[in-house]
Amino acid sequence: MQGTRASLRYAKALFETAKTQAVVSDIYKDLELLKSIINEKTEFFNIIHNPTIKRNTKEILFSKIFKNRVQDLTMEFLLLLLKKGREAILLEVIHHYIDLDMKNKGVLLAELISAKPISEHIKNDIKNKISATSKVQLTEKIDKSILGGFIINIGDSQYDASVRKKINN
């Protein structure tokens, strides 16, 4: 819980600063790059979360990797996280920033979990049911353990129409 609250605060601060400097979309692209590196490169993830690696070493590493690849604001933000010893919450901060950006654009983020791929027609029907007034960005995940049906996650809310739930109840 504490990490989540801190990551939301850092994300809000970064988002507001990006808004005042009119670089929200540039920072978004930088954070998407960081997210893909963290998710794909386990060595980088291990370095971020390793408390035995000194802060100075991490700062040098971050500077070498990202200095010419990201905006100055993103680089300053990364170095701030390192200085405060908060590099372990970087991925959470990125997710919160993306959520804030989508809310700012009036886009509702929803996750659709199903046992098998769902047709575009059904996805469009689900988007319309979720919200007729705002844009919905639907991400799809396949989870065979739900056996059938689907689960929709929107923010903190969940609608579970899976076969697994019906069996368990």
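Contact here means heavy atoms within 4.5 Å of each other, and by that rule aspartate 30 touches Arg69, Val70, Gln71 and Thr74, leaving aside residues up to four places away in sequence. The model is predicted, so that local features need pLDDT of at least 70 and side-chain atom pairs count only at pLDDT 80 or more, while totals for chains, interfaces and linings use all residues. Residues are numbered from 1 along each chain as its sequence is written, and side-chain values use heavy atoms, with hydrogens and water left out.

**Aspartate 30**
- Aspartate 30 lies in helix H2, residues 24-40, where helices are DSSP runs of H or I with at least four residues, numbered from the N terminus.
- Aspartate 30 is buried but has no salt bridge, buried being under 20% relative accessible area with a 1.4 Å probe and protein chains only, and a salt bridge being a side-chain nitrogen of Lys or Arg within 4 Å of a carboxyl oxygen of Asp or Glu.
- The nearest side chain of opposite charge belongs to lysine 29, 8.4 Å away, with Lys and Arg counted as positive, Asp and Glu as negative, and His and the chain ends not counted.

**Helices H4 and H5**
- Helix H4 (residues 55-66) and helix H5 (residues 72-83) pack at about 165 degrees with axes 10 Å apart, the axes being lines fitted to C-alpha atoms over the stretch in contact and the angles running from 0 to 180 degrees between N-to-C directions.
- H4 and H5 are therefore roughly antiparallel, a term for angles over 145 degrees.

**Helices H2 and H6**
- The axes of H2 and helix H6 (residues 90-104) come within 10 Å and cross at roughly 145 degrees.
- Among the residues that meet are Ile27 and Leu31 in H2 and Ile94 and Ile98 in H6.

Terms used
Helices (H or I, at least four residues) and strands (E, at least two) are DSSP runs, numbered from the N terminus. Buried means under 20% relative accessible area, exposed over 50%, partly exposed in between (1.4 Å probe, protein chains only). Angles under 35 degrees count as roughly parallel, over 145 as roughly antiparallel, 65 to 115 as roughly perpendicular and the rest as oblique.
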